[in-house]
Amino acid sequence: MLFEQRKHILLSNKAFAAYSAVMVSLLGFQNTAFAESKYDGNTLKNATDDLGRVSVEHTPGSIPTVEVPNVTINQAQGFVERKGFDIVELLQIAAQPISIVMFIIGAIIAVVGAAGKTGAVMKGIIVMVIAVIVYAATMDAPALVDFGNKWLKE
């Protein structure tokens, strides 16, 4: 009997660890941008966006030619900020439904635990609290980072 209870706790701890691993892996998610490619039959042309059109032309049997535009620091900074916030938005879009699903799963665990095992109630509540914290931190990440920065400066 005691072994079965420990096995149940171990399984729910593994589920909790899996949930935590998914949330942590979302933090490391990266967005990769690819250049547009056009092939007109003889020449392959590549172009990236925003920074004045970097272009590469290659005709089979010849050396590729690359045209790199002059870019100011302010243009590069604006590009990096825009792409960085695109990644933040992508992570927010991905984390929002995951957090909501985990909250619902935690609620189900708590309700089932209320009907039977009391240990499951606490685990369900913990999953719901973590889901709420992850949701709030994900949706308000820029504001939280700014708050932390101001707090550290004072």
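Ile108 is partly exposed, with a relative accessible area of 49%; partly exposed denotes values between buried (under 20%) and exposed (over 50%), with a 1.4 Å probe and protein chains only. The model is a predicted one, in which local features need pLDDT of at least 70 and side-chain atom pairs count only at pLDDT 80 or more, whereas totals for chains, interfaces and linings use all residues. Residues are numbered from 1 along each chain as its sequence is written, and side-chain values use heavy atoms, with hydrogens and water left out.

Ile108 lies in helix 2. Helices (H or I, at least four residues) and strands (E, at least two) are DSSP runs, numbered from the N terminus. Ile108 also belongs to a nonpolar surface patch of about 600 Å², together with Ile100, Phe103, Ile104, Val112, Val132 and Tyr135. Such nonpolar side chains are joined within 5 Å, and patch residues have over 30% relative accessible area and no salt bridge. Helix 2 makes the greatest contribution to the patch, with 5 residues, and helix 3 (118-139) supplies at least two.

Gln92 is likewise placed in helix 2, which spans residues 73-115. The residue is buried, its relative accessible area being 18%. Apart from neighbours within four places in sequence, Gln92 is in contact (heavy atoms within 4.5 Å) with Thr138, Met139 and Pro142.

The chain as a whole contains 4 helices and 4 strands, arranged along the sequence in the pattern α-β-β-β-β-α-α-α. Of its 154 residues, 14% count as buried. Among contacts between residues at least 6 apart in sequence, 44% join residues at least 24 apart.

Terms used
Patches are made of residues with over 30% relative accessible area and no salt bridge: like charges are joined within 9 Å, nonpolar side chains (Val, Leu, Ile, Met, Phe, Trp, Tyr) within 5 Å. Accessible areas come from the Shrake-Rupley method with a 1.4 Å probe; for residues, only the protein chains shown count as cover. A salt bridge is a side-chain nitrogen of Lys or Arg within 4 Å of a carboxyl oxygen of Asp or Glu.
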